Amino acid sequence: MQKHFKKRSEKGGLPPGTLAYVGEKKVEKVIITVFDYDSEQYEEKELKSIEECFPCKDTPTVTWINIVGIHQVEIMEKIGIHFGIHSLIMEDILNTRQRPKMDDLDDYLFIVLKMLSYNEEGDEIDTEQISIILGQNFVISFQEKEGAVFEPIRKRIRKNKGRIRKEGADYLAYALLDSVVDNYFKILEQIGERIEFLEEELVENPSTQALQEIHRLKREMLFLRKSIWPLREVISELERGESSLIKETTVIYLRDVYDHTIQVIDTVETFRDMISGMLDVYLSSISNRMNEVMKVLTIIATIFIPLTFLAGVYGMNFRYMPELEWRWGYFAVLFLMAIICIGMVIYFRKKKWL
Amino acid sequence: MQKHFKKRSEKGGLPPGTLAYVGEKKVEKVIITVFDYDSEQYEEKELKSIEECFPCKDTPTVTWINIVGIHQVEIMEKIGIHFGIHSLIMEDILNTRQRPKMDDLDDYLFIVLKMLSYNEEGDEIDTEQISIILGQNFVISFQEKEGAVFEPIRKRIRKNKGRIRKEGADYLAYALLDSVVDNYFKILEQIGERIEFLEEELVENPSTQALQEIHRLKREMLFLRKSIWPLREVISELERGESSLIKETTVIYLRDVYDHTIQVIDTVETFRDMISGMLDVYLSSISNRMNEVMKVLTIIATIFIPLTFLAGVYGMNFRYMPELEWRWGYFAVLFLMAIICIGMVIYFRKKKWL
Amino acid sequence: MQKHFKKRSEKGGLPPGTLAYVGEKKVEKVIITVFDYDSEQYEEKELKSIEECFPCKDTPTVTWINIVGIHQVEIMEKIGIHFGIHSLIMEDILNTRQRPKMDDLDDYLFIVLKMLSYNEEGDEIDTEQISIILGQNFVISFQEKEGAVFEPIRKRIRKNKGRIRKEGADYLAYALLDSVVDNYFKILEQIGERIEFLEEELVENPSTQALQEIHRLKREMLFLRKSIWPLREVISELERGESSLIKETTVIYLRDVYDHTIQVIDTVETFRDMISGMLDVYLSSISNRMNEVMKVLTIIATIFIPLTFLAGVYGMNFRYMPELEWRWGYFAVLFLMAIICIGMVIYFRKKKWL
Amino acid sequence: MQKHFKKRSEKGGLPPGTLAYVGEKKVEKVIITVFDYDSEQYEEKELKSIEECFPCKDTPTVTWINIVGIHQVEIMEKIGIHFGIHSLIMEDILNTRQRPKMDDLDDYLFIVLKMLSYNEEGDEIDTEQISIILGQNFVISFQEKEGAVFEPIRKRIRKNKGRIRKEGADYLAYALLDSVVDNYFKILEQIGERIEFLEEELVENPSTQALQEIHRLKREMLFLRKSIWPLREVISELERGESSLIKETTVIYLRDVYDHTIQVIDTVETFRDMISGMLDVYLSSISNRMNEVMKVLTIIATIFIPLTFLAGVYGMNFRYMPELEWRWGYFAVLFLMAIICIGMVIYFRKKKWL
Amino acid sequence: MQKHFKKRSEKGGLPPGTLAYVGEKKVEKVIITVFDYDSEQYEEKELKSIEECFPCKDTPTVTWINIVGIHQVEIMEKIGIHFGIHSLIMEDILNTRQRPKMDDLDDYLFIVLKMLSYNEEGDEIDTEQISIILGQNFVISFQEKEGAVFEPIRKRIRKNKGRIRKEGADYLAYALLDSVVDNYFKILEQIGERIEFLEEELVENPSTQALQEIHRLKREMLFLRKSIWPLREVISELERGESSLIKETTVIYLRDVYDHTIQVIDTVETFRDMISGMLDVYLSSISNRMNEVMKVLTIIATIFIPLTFLAGVYGMNFRYMPELEWRWGYFAVLFLMAIICIGMVIYFRKKKWL
């Protein structure tokens with residue numbers, strides 16, 4: 001996860017507003033799909049060149065341009081110029097190290113989000129930056145790689161399900177936001193399962209692997225938090241409805257996403273508390289083990305050390321040792337040893353060490 | 001308790017406002033009871049179908065519709081349509097993973113609460129979502145399962161006790177809120193007793209069970225906190241009396257519930273502090289035990305190891321060892337050993353290890 | 001102290017505003033004393049029945065009714081009705097589990113405070129709820145038990161000392177508040193002395209008793225904090241002078257109490273920090289002791305174990321062991337042992353273990 | 001330092017506004033010095049009785065009355081009456097347990113500060129309360145004992161250096177504040193040096209003295225914080241310039257002191273973090289030492305215990321033990337022991353214990 | 001790093017506004033360079049005396065005066081007088097212990113920043129104070145030593161790249177701020193790499209060096225935080241655009257720097273969390289090692305102590321010990337020992353100690 005904190009400086013020194021891709025290239029080819037719809041009809045097409053979608057800007061229908069792969073600076077530049085997007089905003093879209101934020105530029109809103117997903121091995125969380133431009137009757141969304149998250153929205157447009165075809169571009173932007181936030185719940189469920197699994201393991205077998213898993217989880221929560229906390233403010237700002245681009249009727253939907261975001265943050269905080277509780281459990285079970293080991297050592301040692309001493313005494317070679325001559329000396333010593341041993345055991349029982 | 005963090009994603013992908021039950025089904029049959037009252041008369045009935053209660057909406061009397069079991073989507077849909085409740089609100093009622101909140105939709109207020117109760121075994125806290133719709137002269141309350149919490153309110157309506165029959169729907173909503181908050185005190189008392197019991201046990205016998213109980217309590221406090229903290233804001237918002245549905249005279253009662261909520265939160269925070277103090281007590285008593293064990297081992301070992309060495313010396317088989325030939329050699333050695341032993345004991349006394 | 005968190009639910013289910021005493025009965029008989037004074041004259045009497053004080057309400061003189069013992073619901077009801085106090089407020093007075101708070105009901109102000117005092121054994125902090133009703137020219141104060149805290153005020157009224165006889169009911173209410181806050185300093189001094197005493201003990205002898213005392217102090221600070229923090233807001237609200245019952249000239253006195261409250265809170269926080277520092281000292285001195293014990297064990301064992309081995313070697317019964325036959329074999333071995341022993345001691349010195 | 005938290009209650013029960021000195025007497029005689037100056041001239045004298053300075057109040061020149069020693073209540077009373085200072089303020093001046101604060105009484109401003117200095121042994125921080133009354137064209141400053149902090153200001157007045165003679169009483173008050181805050185930097189430097197010294201020592205030799213020094217530092221930081229934090233608010237309130245006593249041109253100087261105060265607070269917080277980091281270093285180096293000790297014990301014990309056992313076996317007195325009769329038996333056993341010993345050492349090397 | 005907290009008091013006692021250099025001299029000679037440009041032309045020169053740049057103040061072109069080395073008080077004084085800068089501001093520029101801050105003096109803005117860089121050995125972070133004066137059409141920047149951070153800006157001016165030549169002095173000030181903030185990312189990347197490296201090492205080999213590195217990193221984060229946190233407020237204040245010196249069009253650029261600052265702060269906080277997590281990992285791996293050592297000791301001791309005792313018993317010299325006479329006694333005892341040994345091993349296996 002360390003990699004998320006690096007490579008920001010690659011373009012240091014360039015004048016601000018210079019477009020340059022900052023991040024790793026995640027797809028080979030840039031895919032541009034366009035949805036153009038109103039409540040009566042809809043059109044869907046995959047574009048070969050970005051210019052094809054320019055006429056849509058001025059139609060009264062809602063146009064959704066979805067761009068997968070943002071590493072081709074030329075395409076990005078064309079979009080920026082045609083849709084009149086400020087070069088600093090274009091720079092932010094291309095820089096995948098952004099923090100979730102919202103900028104209101106009067107003519108359009110710019111929203112940056114983080115989409116999270118487990119990688120293919122399912123052991124690490126991948127992050128993808130999603131940028132959304134919401135204009136008067138168009139939405140442009142930028143993804144780093146293909147994913148299934150927006151598929152249900154596409155289906156709803158195609159099948160005219162729910163309100164999406166009846167509402168404007170702001171509702172579409174809301175739907176995109178909503179699907180990203182819904183996706184967080186999935187990630188949290190998977191983490192919840194890992195926590196649950198780990199907790200059972202901790203009680204049975206507090207291994208160093210468990211400790212490493214705790215720290216991995218802790219790190220991931222840190223990372224999630226960083227991605228999700230700023231989102232709260234982003235949506236809250238949208239919901240306050242100060243932009244003329246957000247219609248009155250959409251505000252209640254945004255409030256709904258806001259509630260979900262708060263729920264996600266709540267769960268993240270609860271998970272953090274649970275994980276730090278697990279560390280306590282781990283440490284005290286380690287120290288309990290230690291205690292148990294020490295007790296065994298102490299019991300064995302305190303029983304046998306005096307006995308060995310006794311045996312040593314009668315192993316001395318002094319010429320004049322009267323006990324050695326006694327008929328029952330050996331058995332008397334064995335008996336004495338048994339007494340000592342039993343006494344010790346009783347003592348340990350009383351101390352609750354046995 | 002882990003289960004509270006799961007299964008939120010079941011309906012991911014459905015368009016917003018689609019009604020779908022999210023949670024576990026806790027009762028078999030949906031039970032609908034209606035109270036219709038004013039200061040002069042009251043009527044109570046159990047309904048077979050939800051349609052029966054629709055005429056009440058327009059009477060000047062206060063109508064309280066209580067619905068136990070919210071998993072039958074058809075019933076919910078009918079209520080939503082008849083009472084003009086926004087589909088997003090209906091969706092929230094059906095989703096039992098909500099965070100306590102209050103939405104003011106001008107025509108009605110929507111309140112979500114968490115009711116807490118110990119399960120039958122008395123070892124885990126169950127949570128139930130209670131949703132309340134407060135309209136002009138009606139209150140609709142949704143419960144996940146039957147419970148005795150609202151019974152005293154029913155009695156007060158039947159017997160015309162207190163002010164409830166003299167006041168409007170807003171007072172009824174307050175009474176529902178109040179009974180839920182009062183219920184928290186019961187839960188806190190039970191937890192208080194467990195803490196008290198655990199503290200005594202910790203001093204006497206710091207077992208691993210005690211540690212697990214501490215962590216269970218810690219987890220429960222985490223969970224309580226999550227349920228109760230947002231309530232504060234909910235009631236504070238109601239109390240500010242910005243909605244025309246809340247009458248002037250009811251505000252003082254809401255302030256009273258608000259005070260109670262603060263008291264509950266205060267107690268939860270105090271319990272949290274006490275529990276984390278208990279963890280400290282546990283850890284230090286564990287380390288004290290360890291110390292005691294180590295001391296015993298050290299005392300036994302440091303007394304007998306030198307003695308055993310001495311015995312070993314005189315067990316050597318050298319041909320020429322003058323002491324062995326001495327008449328009183330054996331007794332001299334025994335005496336020397338006694339001296340060493342006594343010296344050690346005095347040393348340990350001085351060091352306060354004995 | 002656990003008891004402070006219990007028994008709140010006893011009256012659960014009763015309609016709000018029903019008077020019922022919640023708490024333990026601390027005095028047998030209810031004692032009602034009345035002071036009636038202006039700058040010229042004063043009258044002091046102990047009442048047999050509460051009705052006797054009712055005429056005072058309408059005189060222009062300042063009337064202070066002090067009621068010790070609040071468990072007789074009938075008396076309380078009469079007061080409530082005669083002085084026109086809302087039933088919810090009367091309920092709060094009777095419920096001794098309140099949090100300090102201030103309610104402005106236009107006609108009168110209601111203030112709840114916590115009075116703290118050490119119990120007779122001097123080892124636990126007792127809490128007593130003090131409620132104050134400040135009306136146009138009367139003050140009613142409710143105490144759970146008799147105490148000397150208000151005595152200086154009575155003296156000042158009797159002897160016409162200071163400004164008290166010259167000022168109105170608001171100044172009297174201030175004087176009551178001030179004496180309660182002044183009392184906190186006494187409690188804090190006693191705690192300060194216990195902390196000081198404990199600190200010295202910790203360095204000399206970190207016993208488990210010390211640990212328990214630390215935790216007792218910690219618990220008491222938790223409890224003090226809960227009683228004192230809300231007071232800050234109470235007095236700050238009074239001082240803002242929004243109520244017409246508080247005269248301009250009294251505000252500067254309230255600001256003075258406010259400063260004292262802040263000082264109390266400051267000291268509580270400092271004590272908390274000091275106590276948690278003491279826990280650190282305790283834990284590290286325990287671990288230091290452990291270390292010392294381990295060192296002694298290690299030194300004894302590492303010196304004698306090799307020596308014992310050597311003795312063991314020459315205690316073997318092999319027929320052919322040339323050393324055994326040597327004339328100076330025994331002394332050579334003793335010399336070797338001395339060398340090893342001295343070598344070890346030098347090694348430990350170098351390691352700074354001795 | 002414990003003493004700072006005590007003795008507040010000495011005057012409990014006296015009516016508010018009664019003058020009584022709370023604190024320890026630090027000087028024998030009260031010293032009163034007066035500076036009277038404007039841009040053209042200045043006069044400096046030491047007064048025998050306080051009455052001598054009363055005429056200065058009404059001259060247009062700036063008058064600075066500095067009073068060292070505040071334990072003579074009569075003098076204080078006279079000042080209070082002549083300069084029209086509220087009795088509660090005079091009480092605050094006499095009570096040396098104040099928290100830094102600022103009161104605006106329209107006619108004059110009252111400022112309480114804490115001056116810190118190391119005591120003569122240089123091992124503890126002494127605190128002294130400085131109270132400043134800023135009137136229309138006079139400043140009265142109260143000190144508990146003599147000190148050199150205000151000397152540079154006196155010099156600047158005498159030599160007409162800087163702007164001080166050109167500005168009014170508010171600038172003088174600023175200069176006093178500034179010199180107190182500047183003094184904090186000196187204290188912080190000394191603490192910084194102690195921290196630096198301690199850190200080096202901790203690495204080399206983590207003794208219990210070091211631990212006690214850490215806790216002493218921690219305690220001092222607690223104490224500094226308590227003295228300095230409230231100052232921030234005090235100066236910020238002054239700087240907001242709401243009082244007509246503060247001229248426009250002085251505000252920029254106050255902002256400068258404010259910046260310094262923030263810097264002091266910053267440093268205090270950084271020191272606190274550093275000290276708590278040092279505690280971690282101490283604890284982990286203690287536990288490292290323990291580890292090292294344990295390793296030595298384990299190595300010695302695990303090498304010699306098996307060898308001793310072997311020697312013990314051949315020390316048994318069975319009649320029929322074939323090995324004992326062998327010609328090279330003894331040497332074979334010695335060789336076996338050497339093998340075991342070498343094996344162990346290799347094992348420990350592999351485990352990185354050696 | 002300790003040095004950053006020292007030597008502030010050097011000029012204590014001087015009247016405020018007295019210019020005196022506080023800090024270490026980092027360059028020998030003061031270097032003054034001037035850029036004078038508008039969109040059409042630019043001029044760049046290195047000045048011999050500061051007076052040469054004074055005429056630029058009144059030209060309509062943008063003038064950037066960069067001063068490296070601020071220890072020559074005379075030069076500073078001349079600048080202060082010519083450009084009409086308040087003496088307190090000049091004092092702040094000369095005092096290199098400032099906290100980042102922004103002062104709006106209507107005619108000009110004063111900004112203090114901290115530039116961070118790794119020292120030549122790459123093991124410690126050096127700090128340099130950068131002060132910027134932004135006037136109507138000039139910018140004066142003060143650096144403590146030469147560095148390459150502003151080089152890209154110079155290049156952009158020379159080559160007329162980006163918007164810099166088209167915009168005014170406010171844009172130049174923004175560019176300077178931006179390059180300093182961009183520089184933080186470089187520092188953070190280096191720290192990120194050190195953290196990554198350290199984490200790997202911790203798992204493999206938790207040495208005391210690693211612990212010291214953790215504490216060094218912790219200290220550095222403390223230091224970074226202190227330098228960067230206040231910057232947030234500085235830029236936020238600039239961005240709010242209340243000064244007439246900041247043009248409307250520049251605000252969006254400042255918002256961009258603000259976003260970067262937030263990102264830097266975010267990363268610092270994340271690093272802090274990661275480092276404190278690493279301390280946990282270190283401590284628990286140390287305690288795991290201890291456990292392992294203890295286990296080995298216990299296993300060896302508990303196996304051999306009873307065996308040695310047995311050998312000791314048959315090494316006793318009693319005259320009548322029947323087992324000694326038995327033909328197979330020796331082998332029986334050896335067999336018994338083997339049984340005990342195997343039993344122990346099985347026991348430890350069951351306990352999972354082996």
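Predicted model: local features only at pLDDT ≥ 70, side-chain atom pairs only at ≥ 80, totals over all residues.
Now select residues 87–94 of chain D, which make up H2(D). Seven of the eight residues are buried, so the helix is mostly covered. To see the buried ones, pick Leu88(D), Ile89(D), Met90(D), Glu91(D), Asp92(D), Ile93(D) and Leu94(D).

Next, colour by chain. Which chains have no contact with chain A or chain B? Chain A and chain C are not joined by any contact, and their closest C-alpha atoms are 9 Å apart. Chain B and chain D are likewise without contact, with closest C-alpha atoms 9 Å apart.

Then show chain B with chain C. Their contact involves 64 residues from chain B and 60 residues from chain C. Together the two chains bury about 5500 Å², of which 63% is on carbon and sulfur atoms.

Zoom in on Glu199(B) and Arg219(C), whose side chains form a salt bridge at 2.1 Å, N to O. Between chain C and chain B there are seven salt bridges, and 14 residue pairs are in polar contact. On chain C, the elements that each supply at least two residues to the side touching chain B include helix H5 (208–239) and helix H8 (329–350). H6(C) gives the largest share of that side, 17 residues. Sorted by class, that side of chain C holds 30 nonpolar, 13 polar and 17 charged residues.

Methods. Residues numbered from 1 in each chain as written. Chains lettered and ligands numbered in written order. Heavy atoms only, no water. Buried < 20%, exposed > 50% of the residue type's maximum accessible area, 1.4 Å probe, protein only. Helix = DSSP H or I, 4+ residues; strand = E, 2+ residues; numbered from the N terminus. Contact = heavy atoms within 4.5 Å. Buried area = accessible area lost by both parts, 1.4 Å probe. Salt bridge = Lys/Arg side-chain N within 4 Å of Asp/Glu carboxyl O. Polar contact = N/O pair within 3.5 Å; in protein donor to acceptor, adjacent residues only side chain to side chain. Nonpolar A, V, L, I, M, F, W, Y, C, P; charged D, E, K, R; others polar.
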